Structure formats: C-alpha cells, structure tokens
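Please look over the sequence and the structure before reading on.

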Amino acid sequence: MKKLFLLRHAKAENLAPGSSDLERKLNESGRKQAQALALFLQEQNIKPDLVLCSPAARARETTEIVLATAGLPARVDYDQAMYEAGPTVLLQLISKIDNGANTALMVGHNPGTEELVRLLTNRAEQMSTCTLAEITFDTDDWSKVAPGHGTLEQLVRP
C-alpha cells in the first residue's frame with residue numbers, strides 16, 4: 001500500500017508590486033497554520049519517507065516549518081515542475097517516486113492540488129491553505145497510481 005499526503009502551502013503574503021509570485025513568503029497566519037499542521041503530524045505519528053515540494057518560497061517555507069516543528073528528517077526534493085502544475089503533471093511526478101518510499105508528501109499550490117485530489121479519488125474537496133489530504137492506494141508501485149484509484153482517508157485543516 002502507498003500513502004500520499006497532498007498539502008497546499010500555508011497562507012502567504014499578498015503579491016507586492018514588482019515582485020515575483022515565486023518569492024511570496026508566508027504571513028504570520030501561514031506560519032501558525034504550518035506549525036499547527038506539524039503538531040498534527042507529530043501526534044498522528046505521520047512520517048513521510050519523501051517530500052516533493054514546489055520551489056516557490058511559500059511552499060518551501062511551509063515544508064521547512066512543518067518538518068522542523070514535527071522533528072521529521074524526511075528527504076525533500078524541490079521540483080520546478082510542481083509550480084503552477086496541473087493534475088496531469090503532478091500525477092507524472094508521483095509515478096516517478098522510488099518504490100522504497102511508502103509514504104510521500106507533496107507540498108504545492110491550488111488549483112493543482114485540489115484538481116489532483118479530485119482526479120485520484122473522484123471526490124471534489126476544497127483545499128484551503130494548509131489543508132492536508134491523505135490518500136491511500138492499493139498498490140506497492142507508485143507508477144501504478146492512476147486516476148480514480150485512490151481512497152481519501154481524511155482531510156485536515158489546521
């Protein structure tokens with residue numbers, strides 16, 4: 001069985017004039033959201049083997065806060081393809097995860113994260129900032145993860 005956690009980054013600052021969307025960082029509310037989610041992961045003993053993260057500052061900061069606060073030593077791969085990715089691209093990234101990892105966490109953006117939940121589980125769920133979706137797959141091979149074959153186990157909103 002493979003387990004995928006999809007996390008939309010925490011609440012970010014508004015885009016400042018003349019700045020890049022990639023540079024937007026978390027605001028104070030977002031930092032608190034990430035800390036609260038980290039405590040949930042710690043309480044539930046959720047330990048991803050691998051983290052795939054968008055290179056956007058707000059996704060990176062969310063990942064850093066969650067892992068540090070929860071004391072998780074997971075390997076993090078930052079992938080440019082995750083920024084502004086739709087569900088098809090995200091599914092391709094999932095299919096390339098090494099099968100040695102049974103639990104993976106993807107930290108990204110909307111609408112891609114929300115659309116991926118719908119694609120994998122056939123359930124339309126709102127993925128507000130810092131929402132975590134837990135999806136399980138009855139396979140031992142990430143390349144066999146396919147649309148409609150995931151089970152949404154829970155949604156967590158800190």
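The model is predicted: local features need pLDDT of at least 70 and side-chain atom pairs count only at pLDDT 80 or more, while totals for chains, interfaces and linings use all residues. Residues are numbered from 1 along each chain as its sequence is written, and side-chain values use heavy atoms, with hydrogens and water left out.

**Cysteines**

A disulfide is defined here as a pair of cysteine sulfur atoms within 2.5 Å. The search of the whole structure returns zero disulfides. For C53, the closest cysteine sulfur belongs to C130 and lies 12 Å away, which is too far for a bond. C130 is likewise in no disulfide, its nearest cysteine sulfur being that of C53. Relative accessible area, computed with a 1.4 Å probe on protein chains only, sorts residues into buried (under 20%), exposed (over 50%) and partly exposed (in between). C53 has 0% relative accessibility and is therefore buried; C130, also with a value of 0%, counts as buried.

**Helix α4**

Helices (H or I, at least four residues) and strands (E, at least two) are DSSP runs, numbered from the N terminus. Helix α4 spans residues 112–121, and its buried residues are G112, T113, L116, V117, L120 and T121. These residues lie on the same side of α4, because they cover an arc of only 140° around the axis; the arc is that of the directions from the helix axis to the C-beta atoms. The buried residues of α4 pack against β1 (2–8), α3 (87–95), β4 (103–108), β5 (132–137) and β6 (150–156), where contact means heavy atoms within 4.5 Å. After α4 comes N122, with a positive phi near 60°.

**Salt bridges**

A salt bridge requires a side-chain nitrogen of Lys or Arg within 4 Å of a carboxyl oxygen of Asp or Glu. By this rule the structure has eight salt bridges, including those in the table.

| Salt bridge | Closest N to O distance |
|---|---|
| E28 and R31 | 3.2 Å |
| D77 and R75 | 2.8 Å |

Salt bridges with shared partners join D21, R24 and R58 into one network. D21 is partly exposed, at 22% relative accessible area. E28 and R31 are three residues apart in helix α1 (residues 28–43), and so about one helical turn separates them. E28 is partly exposed at 44%, and R31 is partly exposed at 29%. D77 is partly exposed as well, with a relative accessible area of 27%.
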